[in-house]
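Here is a short report for a first look at a structure. Please keep the sequence and the 3D view open while you read.

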Amino acid sequence: MRLPRALPHRRPIAERLGDWHEVEHTAPDADARAQAGRCMDCGVPFCTNGCPLGNPIPDFAAAVARGRWDLAYQRLAATNDFPDFTGRICPAPCEAACVLALDDAPVTIEATERAIADRAFAEGWVTPIAPARHTGKRVAVVGSGPAGLAAAVQLAERGHGVVIFEASARAGGLLRYGIPDFKLDKSVIDRRLAMLGPIEIVTNAQVGIAPTWTALRDEFDAIVIAIGAQKPRELAIAGRDLDGVIVAMDYLVDQNEALADGRATRFDLRGKHVVILGGGDTGSDCLGTALRQGAAQVTQIELVPPPPIGRNPATPWPAWPIVFRTSSSQEEGGARAFGFRTTGFAGTNGRLSALHGIEVAREAGRLVDVPGTERVMPADAVVLALGFTGANADALIAQLGVKLDGYGNIAVDARYETNITGVFCAGDAQRGASLVVWAIAEGRAAAHHVDSFLAAS
Amino acid sequence: MGNDFRDACGVGFVADIHGRRSRSIVEQGLEILRRLSHRAATGSDPETGDGAGIALQLPEQFLRDEGARLGLELPPNRRFAVGNVFLPPDPGMRVACEQILEAAIDEEGQRVIGWRDVPIDPSVVGPIGRDVMPVFRQVFVRMRRVPPSAWERTLFVIRKLAENRIRERHADPTGYFHVASLSTETIIYKGLLLPARLGEFFLDLKEPALASSIAVVHSRFSTNTFPTWDLAQPFRYIAHNGEINTLRGNANWMQARRSGLRSAKFSGGIERLMPIIVPGKSDSAQFDNMAELLVLGGRSLPHAMMMMIPEAWESGTLADDRASFYRYAASLVEPWDGPAAIVFFDGQLVGATLDRNGLRPARWTITTDDRVILASEAGVIDVPPELVRAKGRLTPGMMFVIDTAEGRIVDDAELKHDVASRFPYRRWLAKNVFHLADLDSAEPPMPLAGDELQARQRAFGYTDEDLELIVAPMAETGKEPVGSMGTDTPLAVLSQHAPNVSAYFHQLFAQVTNPPIDPIREALVMSLETSVGPDGNTFEETPEQCHQLRLRGPIIDSADLAKIRGVREGVFDPVTLSITWPRSYGDGWLAKALGELCKAAVRAIDDGRNILILSDRGVTADRVPIPALLALSAVQQHLVREGIRMQAGLLVETAEVREVHDVALLIGFGAAAVNPYLALDTVSALGLDREKYIHALEDGLLKVMSKMGITTVQSYRGAQMFEAVGIDRDVIEAHFTGTPSRLGGVGLADLETEANARHARGWQGPRELPIGGTYRWRRTGELHKWNPATIATLQDAVRRADATRFAEFERLCDDEERALVTLRGLLDVQYGDPIALDDVEPASSIVKRFVTGAMSFGSISAEAHETLAIGMNRLGARSNSGEGGEELHRFDNERRSAIKQVASGRFGVTAHYLVSADDLQIKIAQGAKPGEGGQLPGAKVDDRIAKVRCSTPGVTLISPPPHHDIYSIEDLAQLIYDLTAVNPRARVSVKLVSEVGVGTIAAGVAKARAGCVVIAGFEGGTGAAPLSSLKRAGLPWELGLAEAQQVLVENRLRDRVRLQVDGGLRTSRDVVIAALLGAEEFGMATASLVATGCVMLRKCHLNTCSVGIATQDPELRTRYTGKPEDVVTYFTFVAEAVRAHLARLGVRSLDEIVGRVDKLRARKRSLGWHAKASKLDLSAILQAPVAPADVPRRFVRAQPWSLDDHVDHRILAGETALPIDNSKRAAGTLLSGELVRKHGAAGLPDGSLTVRFTGSAGQSFGAFLAPGVTLELAGEANDYIGKGLSGGRIVVKPPPGARFVAEDNVIVGNVALYGATAGDLFANGLAGERFAVRNSGARAVVEGVGAHGCEYMTGGVVIVLGAVGKNFAAGMSGGTAYVFDASQTFRASCNVELVELEPLSLDSDVWLVHGLIADHARLTGSARATKLLDNWDHVRPRFIKVMPTEYKRVLEQRRARLLGVA
């Protein structure tokens, strides 16, 4: 605790803007042990509570501090199937709940996880799934994002036959296509996929078309829907269809595929004046991507006014604090604007040239325009990173009669089962867009209930 | 334990050495009683005492005269016996009893001469005593046909037969019948009387013809007042002041050796005399039963006493023959362990002895006219100084006998040598006793490792936490792991994690009526040695009686066990009985297995096997283990019932044991030794030290024993010092016979389910150990009341003053629908007839009943401490200083703690501190670690803390387990008296911890005139305690509070005391349930810390608290964010929520629901409740007191207190020369309180006031004496002189005219200068045990001290001009002592663990010592001092300076720093 908090080394900005490699390094052994040693082994570890997976953080931190990496991995792997992912791309609500966060210097839990996971792969402790028994039951998992993978792993470990159906050419879902390489190198996903053992992965499978949901239902003892929440939130304003207004997911997927396939990008923003609408993680990913593509200027706009710097009494510890943050992409460059509502896009010849907007302020909890603050911002590319509104569930509804909830997400009960017996759903598809760590947690939880369901059937 | 009577008292005798019978001896006996009145007690009826009595030689002439008057013809030559018999008042029943007795007399060949009505004056008995008064008649018996040597034995047989038959025939259903005495030698008059009234009640005692050369008297202070005439003392052979801690074990073992008891001396066999130890009577009565049996079986009284209360012989300091005797005797009878001053007598011999620890006082005077007076206090008979030949005291383990037939005093050495040389015990031992080391070694089984080890760890319920927090730290450090804050997890019976059987048992501990012991600093009385093998016939003394295998300690490893298994020496014939059972047997296997096991054990003994090894080594995937504790205890109880238990020793080889509690249970339920093989193999697998692990277990065991005041494993074994929570009564009756289990609970079927569940983890399911979560919150572990949600919600509610959030907090805390944690979770409040909220008393008046728990400044930071105080003061509620004193700047403002604690360390307890309180709380025990002391490590003692604790920065401070001025209930009464004298405006409260019998103790405390009794639950918090204490000692407050309420109401004592409760209270529901169970005041300690920022790191003991509460680190303290407003908000929220409950209950004030237990119901069982919980029977909690409706259920008016007769009033009136006797107690104390109240801590200028006393001063002479006052005493003083001395001066010297040599005679009693902070004491004579214990600043010169001198001292100067007793300077961490070591024996007496011995050479030291001795000579006229000064250069080299090592280092550093700065 006396030791100051120190994050693992980040590569110099100039260097990392020149390539697509990960921004952050895995912490070296000594640093990781020292930082893990900052954990106070609290009698009430709020971090565990802050973590959707309930990771036994003090337990693996203690093991790391003592140099018992094997034990640390064993403990971490018991609650988290993919510390290799969460150690890189989790916003770490655990750290927000750390008792040391009371003094703004929480234990570097996420970096510790990453160090444990990388160590485990390096040492060969991560081995392909080899279930002790086979139940003879078969489960179809639709979607190979973190929720689908977690559910698949848990079910396979329990001895069920698992087939994953993935619409894209490669498995990984949002991990592979939504997250830039500089945050999660795709080799990390590949080495994990290599450990899936008996799990069968069918790529380029357009479930709903071929095979149909009905066919899956006939063929498998249970289905886990983990198709994510892919419907982007739209901005229905003038000029939306101008050339140069693109959706974040299209942009990120394109870049990821281009890198993977060694082809040129469809959306190359080199030399452009780019505006990103949306101040969230996706917006930041777009920002980093645009900077690496060589954009002339990037501005990231957030609709709401800036949150407080430091503490926010409205979100007291150990809750997730809504405060002003700077992501690794944001520290690399670009400008940020807050409290600005985009009212329309302008362009010539069908090509975007500027956006119009007005400043907004919060009054009695609601956002209102501030008269006289209208502005025009020149832009030749706008990326819409406005979030998601639900799953692409049309085929599901049509073929299986699965119901949605009021938010456009797939409705499930406490056991993650949809209104159709034996059809379960986990992750963003039922939760709405959220964190990878939540997806893993739901995948695990749903698998648990699928297992019970299979045992009973 | 298990009986409801505990007493302690005053005891004494007067005897003519030459056996000259006289009337004056009787009168002096009665005078002793009068003078010991303050050591006795009365209950709600001030006229009914707890009991008093006198034992005399049979007054032959008087009885002959009376016989003649009644026409009874007494035979010549004393061939008759007289019995004082208590009979039922109902004439029919009386006649029935008389007939049974007469028949027994006749049957045994004796003849009834006739009966005499004992004349009495009933008007001197109080109404309660009169209600249950028996009829007193004397039976005259003619002795014939047996030789005189068999008379007493015959009379014993007659009495036992009569008692047993009256019981069997229900001739006396209400229990009046009692034979106070039936003897040809002695007669005993006793009853439920005030000590001073005994002589008025029995008119015989006024008869001039009634003469005796011995008078033994006893005045009783019983903790409760269920009136019982027969428990008054003396009993037939003894009068006892103290408490036998091992009573249950002692009684059990006598039962256990039943079949082995043979004696030709008892005609018709012993079986018809059973039970020898009559159950249900007081410990003293049972002690008398045993002593009587030994004496009538052929031993002398002193011999019997040596067997029952042996000296500390194990440490190797005793002469060889004596040690051999004790060792031999240990195989015949277990020590009766506990604080005891015992006076014993038969017709011609009278004597006294003390327990090995010397925990009760006994002072004697020998006169020049050959009388001996011995009593609990000096000065009980006025003896003119010129008639005093010598004065002294009994020392620990010492015996003192007057043989009136021989006409001489037999001293300890001679007496014991005589007994010890009766037989060649040493040779017998050498031949028949084997030591483990002597046995051939044998190959132990291979250590378990890898998968095999892990599977067994899982199967025996190990968790990650067990390894990480328990086993590994023990093996790394050799000590028990320490934790902090309280326990907040479910009771075992509410846990859904299949806890081990040991988790259902809670450790009992000593409080008030007996002291716990410090096993570290007073190690010389502790012993781990144990033995296994068949036990001997108690009556015989032959070499074969001691066939024993001696073990160094009760923990053995597999190599040791292999040796024992293979033993070929002597008569030993071991056998292993497996305690595993085939899993395939299915449901009901456990009951079946236990039955088979017990049968197998009996069969083994029938086959001549005499070491039974119960082993669960055979556990596999297919064989389930019987829980080891259950197996052991079942076998133990079965063999006891069969009467064959003593024919074999029991060993346990089990994988279950991993923590101290597990071992304590196995030993406590009868095992001689335990092999925790799995834990040891686990230690090896972790690469750690097995020896250290064993050491940690043994160390912890000593602590568990000493908590209960038990010093030897031999007497702890089978003593069953546990209470079960949640075990079905049938299981208890069959397998844990006699163990309290007040709530019933799970049966064998449930225990079987849990055994199966644990076993299943071994070979099914995940390979990892379960994570645990018992000591720390874990998501998948046990539920904790303090968890992320409750803590965060409470803090958020308080910070934002958001009542809705607070309601959410209460809901989170109280919701036990899904997972049960507490007993109150099983209760429902019966609401009804609601009234409007506005009609309920305001929150501002409810909050006044709230207190924060005692947390010392030192355990928590100044910021946190003051925040609580300010918050509570703003509310009109009270905060508690804890035991660390309080900084002066806080005394007169809102930073003041209204409750000032007086704990065993007495840190900073000055007169000034005491007068600044509204409430003086005597902490007897702490919920988190009852029976234990504490320690503040030097690193935490900074300048501020040192100042307030009157100690030295950087030097470790030790709080002893007991208060050294409270070894018994009458001592507590004395401390209450002292505190009231110094601050009559404050209420005195006494903090107890819940355990079975706490109600009885509460009654005693009420009778000791406390104003408030605090019942703390075991969930209470702490800054540091061994984990096993945190979890395993003490009971939930619901049980303790209910019991206290019931007993207080039934004894009609409830109206005079308030009841306060604490231990895990958090919400308004907790408060309301506590009130309904009888509490008026409520303590919330942890909750108040959480409200001010505590996040339950449970790191208080490490000084690393990151929120600045439990730390003294200046940097961490800056992180503290708590505010007084948080305190105010939290308590106001609770009070407001309480109001809502009151409105729903339809009452206007909290007072109206106090004790309304009828408003509570066992909660309806709803689905989802754990099956185990539904088996609990809560009637022990929900039972209303058995008392008429008009008996108050709550506090009505304060105790009748009067200090009007206090001697200080005469000083305040201007007198400066006063006579004093032992009934005038705490002289100077009341005066000191007045002075510091007026003048502050500084008191008066030095020499302002001198008061001269002549006589024998009562206890606590000069307690808390203020600066400027000098008390000069010509005479002698009793115990506790200069207690808490606060700057005054006390001078004690022999009276003018005394002819004895002052330096050889005792002049002050035990525990002088306890907790003194400043001032001087000069005593020209010897002092008793524990001189200057925990002194932190006083200076003293004395001519010799008893054992444990300067114990725990942290400051000041003590000069001893003569001999010192054993264990000098134990735990002494500061101050300096100088001892004149004329005989060069000091080194052997000094405990050098913490101190260094140096010559007296530094100039400054020489001047100090010389100067103080000169003062001593001048003030007391000491001859020895004068002689020393006259020969100074010659004697100076023989002074030894005793300097605590740590203290010296700190002083040197300080000096270096000062010089550096200069």
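**Two helix pairs in chain B**

Helix H31 (residues 998-1007) of chain B packs against helix H33 (residues 1037-1050) of chain B at an angle of about 50°, and their axes lie 7 Å apart. H31(B) is therefore oblique to H33(B). Here, angles under 35 degrees count as roughly parallel, over 145 as roughly antiparallel, 65 to 115 as roughly perpendicular and the rest as oblique. The axes are lines fitted to C-alpha atoms, for helices over the stretch in contact, with angles from 0 to 180 degrees between N-to-C directions. Helices (H or I, at least four residues) and strands (E, at least two) are DSSP runs, numbered from the N terminus.

This is a predicted model: local features need pLDDT of at least 70, side-chain atom pairs count only at pLDDT 80 or more, and totals for chains, interfaces and linings use all residues. Residues are numbered from 1 along each chain as its sequence is written, chains are lettered from A and ligands numbered from 1 in the order in which they are written, and side-chain values use heavy atoms, with hydrogens and water left out.

H31(B) and H33(B) cross in the right-handed sense. A crossing is right-handed if the near helix is turned clockwise from the far one by less than a right angle, and left-handed if anticlockwise. In H31(B), the residues that meet H33(B) include B:Gly999, B:Ala1003 and B:Ala1006. On the H33(B) side, B:Gly1040, B:Ala1044 and B:Val1047 are among them. Contact means heavy atoms within 4.5 Å.

A second pair is H10 (residues 320-329) and H11 (residues 412-420), both of chain B. H10(B) is oblique to H11(B). H10(B) passes H11(B) in a left-handed crossing. The contact includes B:Phe325 and B:Tyr326 of H10(B) and B:Lys416 and B:His417 of H11(B).

| Helix pair | Axis angle | Axis distance |
|---|---|---|
| H31(B) and H33(B) | about 50° | 7 Å apart |
| H10(B) and H11(B) | roughly 55° | within 9 Å |

**Strands in chain B**

Five strands of chain B form an open, antiparallel sheet in the order S9-S10-S11-S15-S16. The twist averages 15° from one strand to the next. Strands pair if DSSP finds at least two bridges between them. S9(B) and S10(B) (residues 340-345) share five bridges. B:Ala239 stands opposite B:Val343 in S10(B).

Strand S8 (residues 214-222) of chain B is mostly covered, with nine of its nine residues buried. Buried means under 20% relative accessible area, exposed over 50%, partly exposed in between (1.4 Å probe, protein chains only). Both faces of S8(B) are covered: B:Val216 and B:His218 are among the buried residues on one side, B:Val217 and B:Phe221 among those on the other. Five bridges join S8(B) to strand S2 (residues 52-57) of chain B, and the two run antiparallel. B:Ala52 has B:Ser219 of S8(B) as its bridge partner.

**Two buried residues in chain A**

A:Gln293 belongs to helix H14 (residues 281-293) of chain A. A:Gln293 is buried, at 4% relative accessible area. Its side chain reaches the backbone oxygen of A:Phe267 at 3.3 Å. Among the residues that A:Gln293 touches are A:Trp20, A:Tyr251 and A:Arg270.

A:Asp84 sits in helix H6 (residues 83-89) of chain A. A:Asp84 is buried, with a relative accessible area of 0%. A:Asp84 touches residues including A:Phe121, A:Arg191 and A:Arg192.

Definitions and conventions
A polar contact is a pair of N or O atoms within 3.5 Å; within protein, one must be able to donate a hydrogen and the other to accept it, and residues adjacent in sequence count only if both atoms are side-chain atoms. Lists of a residue's contacts leave out its neighbours within four places in sequence.
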